[in-house]
Amino acid sequence: MDFKFTEEQEAFRQEVRDFLEEELRKGTFEPSCDGWIQGYSPEFTKKVAEKGWIGLTWPKEYGGGGRSNIERLILTEEMLRCGAPAACHWFADRQIGRAIVAYGTEEQKSELLPKILKGEAYVGLGMSEPEAGSDLASLKTRAVEDGDYYIIDGQKMWTSCARFMTHVYLVARTDPDAPKHRGISEFIIDAGLPGVTIRPTIDITGSEAWGEVFYDNVRVHKKYLIGEKNRGFYQILNQLDYERAGLERLMGNYPLFDAVIQFTRETEQNGKPLSDDRLIRHKLAQLQVEFEIGRLLTYRVVLVMDEGRAPNVEAAMAKAYCTTFEQRLASVATEILGLYGQLLAESKWAPILGMAPHSYLGSKGYSLQAGTTEVLKNIVATRGLGLPNE
Ligand SMILES: Cc1cc2nc3c(=O)[nH]c(=O)nc-3n(C[C@H](O)[C@H](O)[C@H](O)COP(=O)(O)OP(=O)(O)OC[C@H]3O[C@@H](n4cnc5c(N)ncnc54)[C@H](O)[C@@H]3O)c2cc1C
């Protein structure tokens, strides 16, 4: 067991840090919580693309970096640490590009991968529907064949990046007569096609990072079906592992963690900094212990991926643990900041830029998105512990 990174990996980390520090210095972005999912910055994404850091792990023959998942982990860890605005490329880089590499045709690869690699295709995730969340296989959006096209009708909700996506990854029913898991297919479609209507969802934090998307008689060429028709559900399972597995489930609010520690150093109560208060020190120390556990669980996922295995149980465990860590972080930060800590960013009295209430409210959704904690525990119980299916 070796917990050390290699010299090359440490050098890569330094390169990423230098880049991010320079961009922070130039004012390209301000650190923010949830930057990976809510931070919209085409400018930043373009710069990341120019560094060759989108598609870092994809095969070189498709323009990717051909590097390891550990290196991608280092890259994402540094981006998350400083709250970089990476939403434009995150989803395509993390999972949709990989799905195209794994299941796509050569035509799809040559059309879509270069756009993603250049930071020009922003892909939203369109899986969930009003009546299909945990039980995704019960989805109703349908894709009906019509010559060289599929005609798509239905409604999706919680589509990430809906307000600015250029493409949407969509799952739809292609065989209504087959058992529900067997009649589903995956598509990548242009979000600007006629018949696609996007309505922002304003969430509990006031953010419009997600949206409802309506598909009304949308004609999609058959060449945009990804992988095998009617086998989409099985392809998705693999993709969901990547969706759940990353450090973004642990470090989405890292700027808050940093800022609250700094706040305790700089804020005095009864003539002493808060950081001298034993209760506060213990709360922060407990968070640090939990953070390191989450980090190890996430690192393990990456090791499994680099061995060429699907990180199924490992990803479920990591996400279940890490998202509850983020909820505890938001809770502890709110306690430490006191009453003013509940003020949102708009208020001039809000400490640490109003990050705490944003995280407190937003983190409630972390244990729902990409698979609820209960569903993840079902995976750990059945595939991890070998307990029978319910
Ligand atoms: C902030 C946020 C972002 C999201 N982003 C996206 C996105 O980008 N793309 C997308 O397609 N979707 C997205 N979603 C949707 C998300 O995937 C679903 O909300 C999630 O799968 C749960 O589905 P549901 O909301 O329909 O709840 P349900 O599936 O109806 O679940 C309700 C409750 O029942 C429990 N439950 C359900 N089934 C079981 C079971 N078998 N065993 C035990 N308990 C169970 C759940 O844990 C939950 O507590 C997002 C959701 C949120 C809140």
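These legends cover close-up views of packing and rings in a predicted model. Local features need pLDDT of at least 70, side-chain atom pairs count only at pLDDT 80 or more, and totals for chains, interfaces and linings use all residues. Residues are numbered from 1 along each chain as its sequence is written, and side-chain values use heavy atoms, with hydrogens and water left out.

**View 1. The largest nonpolar core has 102 residues.** Such a core is a set of buried Ala, Val, Leu, Ile, Met, Phe, Trp, Tyr and Cys residues joined through side-chain atoms within 4.5 Å. Buried means under 20% relative accessible area (1.4 Å probe, protein chains only). L20, F44, Y169, F187 and Y215 touch the most other members. Helix α5 (residues 87–103) gives the most, 8 residues; helices are DSSP runs of H or I, at least four residues, numbered from the N terminus.

**View 2. F19 and F44 form a tilted aromatic pair.** Rings of Phe, Tyr and Trp (its six-membered ring) pair if their centres lie within 6.5 Å; planes under 30 degrees apart count as stacked, over 60 as edge-to-face and the rest as tilted. Here the centres are 6.1 Å apart, with 40 degrees between planes. F19 is in helix α1 (residues 7–26), F44 in helix α3 (residues 42–50). F19 is buried at 10%, F44 at 0%.

**View 3. Y254 and F291 pair across helices α9 and α10.** Their ring centres lie 5.4 Å apart and their planes at 50 degrees, so this pair is tilted. The two residues are 37 apart in sequence.

**View 4. The charged end of K222 sits over the ring of Y150.** The distance to the ring centre is 6.0 Å. The rule asks for NZ of Lys or CZ of Arg within 6 Å of the ring centre and within 35 degrees of the ring normal.

Key. Buried means under 20% relative accessible area, exposed over 50%, partly exposed in between (1.4 Å probe, protein chains only).
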